[in-house]
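Please read these numbered points with the model open beside you, and check each one as you go.

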Amino acid sequence: FKWIGDQIAGLEAAGEVDRFIFGFEESYGYLKGTYARDKDAVVATMLIAEMALYYQENGTSIFEQMDNIYKKYGYYKEEVVSVTLEGIEGLAKIKSTMDRLRENPPEMVAGKKVIAVRDYLTSERVDKLTGENSGILLPKSNVIYLELEDQNNFIIRPSGTEPKIKLYCLMKGETEEEANELLKLVKEDID
């Protein structure tokens, strides 16, 4: 959430006090509005209650609306796999894994072609189809982001606080079953 707070502060400094609407992070933190700079479960709960009431008054439900969104945009399944590698040997393994991925990223993940590689440490995105190299405007970080075909993604980063390497599997299918199958395949690739 420190990055979300930084974005709010930057917008305020630029005189855009009403521009920030909503922020969230992968570990289920949500923030609506600018009065807080951290996760706010009370407001997130209120938003869900308001949505439930709105859809109930319109003869539907949050569940039905979510299903409509999936039907329109596809089914997204995400999972974080953490691999613990303790000790000096573990840290060396994490470093060598990241170095190896930077030097030789995979061509395929879960049967999907890698179409671009974002390296947040070098601030570069390389399009594997055209060879075009473009910049990344986010802060430098030890993260490798593999863009896969069909709007699938696979992200690798060391934990900043624990002896772990974290693997983010972001799979999309036309059906829930297809998305689940892709998630299963990417986890098999990890193994």
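1. Strands S9 (152-158) and S10 (164-173) form a hairpin with five residues between them, and six bridges join these antiparallel strands, one of which pairs Ile-155 with Tyr-168. Strands here are DSSP runs of E of at least two residues, helices are runs of H or I of at least four, and both are numbered from the N terminus; two strands pair if DSSP finds at least two bridges between them.

2. This is a predicted model, in which local features need pLDDT of at least 70 and side-chain atom pairs count only at pLDDT 80 or more, while totals for chains, interfaces and linings use all residues. Residues are numbered from 1 along each chain as its sequence is written, and side-chain values use heavy atoms, with hydrogens and water left out.

3. S10 also pairs with S3 in the antiparallel sense, over 10 bridges, and Tyr-76 has Lys-172 of S10 as its bridge partner. Nine of the 10 residues of S10 are buried (under 20% relative accessible area, with exposed over 50% and partly exposed in between, for a 1.4 Å probe and protein chains only).

4. Which residues of H5 are buried? They are Ala-179, Leu-182, Leu-183 and Val-186, and because they cover an arc of only 100° around the axis, they lie on the same side of H5, the arc being that of the directions from the helix axis to the C-beta atoms. These buried residues pack against S3, S4, S5, S9 and S10, where contact means heavy atoms within 4.5 Å.
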